[in-house]
Amino acid sequence: LTPFQHITADLLVAPLNSLHGRVVIDRNQNGRYDPGEGLARAVVHLGDRITSTDDGGAYSFFNLNPGSYIVRLNADKLPADVAVDGTIERPVVVSDSSPTVDVEFNLLPTSKPIILQKLER
């Protein structure tokens with residue numbers, strides 16, 4: 001560009017948004033997240049994007065165009081002592097007005113806790 005030169009261009013302005021969820025080991029099997037039930041370092045995919053959960057089991061994807069997406073939990077990267085309760089894929093719709101929240105993946109423990117008790121004779 002030079003001084004006083006005019007250029008006309010068509011620009012696409014798209015409202016970007018975000019998606020937030022959690023990977024939960026439902027240890028008490030009440031069907032919801034309780035503190036301490038989040039799974040850290042679980043791998044979550046959104047198309048060609050990949051992230052992992054934080055220490056509380058939470059994950060996020062940012063700068064998303066409005067539209068339909070599939071969020072997928074990578075079951076191959078889960079610990080051996082948990083199993084997926086339901087599906088590893090969640091269809092979601094990202095709007096242009098508010099973040100998409102509560103996209104949860106529920107896991108169940110596959111091993112029972114061992115409780116040691118002193119025997120009375």
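In which strand is the place of N106? I located N106 in strand β8, residues 100-109.

**Entry 1. Basis of the model**

I worked from a predicted model, in which local features need pLDDT of at least 70 and side-chain atom pairs count only at pLDDT 80 or more, while totals for chains, interfaces and linings use all residues. I kept the numbering that starts from 1 along each chain as its sequence is written, and side-chain values use heavy atoms, with hydrogens and water left out.

**Entry 2. Overall form**

I looked up the secondary structure of the protein chain and found 0 helices and 8 strands. Helices are DSSP runs of H or I with at least four residues, strands are runs of E with at least two, and both are numbered from the N terminus. From the N terminus on, I read the order of elements as β-β-β-β-β-β-β-β. The protein chain is more spread out than a compact globule, because its radius of gyration is 21 Å, well over the 14 Å that the globule rule gives for 121 residues. That radius is taken over C-alpha atoms, and the rule is 2.2 Å times the number of residues to the power 0.38. Along the principal axes, I noted that the C-alpha atoms fill a box of roughly 100 × 25 × 25 Å.

**Entry 3. Surface, burial and contacts**

I recorded an accessible surface of about 8,700 Å² for the protein chain, with 52% of it belonging to carbon and sulfur atoms. These areas come from the Shrake-Rupley method with a 1.4 Å probe, and for residues only the protein chains shown count as cover. Of the 121 residues, 28% count as buried. Buried means under 20% relative accessible area, exposed over 50%, and partly exposed in between (1.4 Å probe, protein chains only). I also examined contacts, meaning heavy atoms within 4.5 Å. Among those between residues at least 6 apart in sequence, 56% join residues at least 24 apart.

**Entry 4. The salt bridge**

How many salt bridges does a search of the whole structure find? I found 1 salt bridge, the term being a side-chain nitrogen of Lys or Arg within 4 Å of a carboxyl oxygen of Asp or Glu. R41 pairs with D55, and the closest N and O atoms are 4.0 Å apart. The pair links distant parts of the chain, 14 residues apart: R41 is in the loop between β1 (17-25) and β2 (43-46), and D55 is in the loop between β3 (49-52) and β4 (58-64). Both R41 and D55 are exposed.

**Entry 5. Two strand residues**

I returned to N106, which counts as buried at 18% relative accessibility. Beyond residues up to four places away in sequence, N106 touches V24, A83, V84, D85 and R90. I then took V92, in strand β7 (residues 89-94). V92 counts as buried at 10% relative accessibility. Leaving aside neighbours within four places in sequence, V92 has contacts that include L19, Y69 and V103.

**Entry 6. Two loop residues**

Is D26 buried or exposed? I found D26 buried, with a relative accessible area of 4%, and placed D26 in the loop between β1 and β2. Its contacts outside four places in sequence include R32, E37 and P109. Y33 is also found in the loop between β1 and β2, and counts as partly exposed at 27% relative accessibility. Y33 and A9 are 24 residues apart in sequence and 49 Å apart in space, C-alpha to C-alpha.
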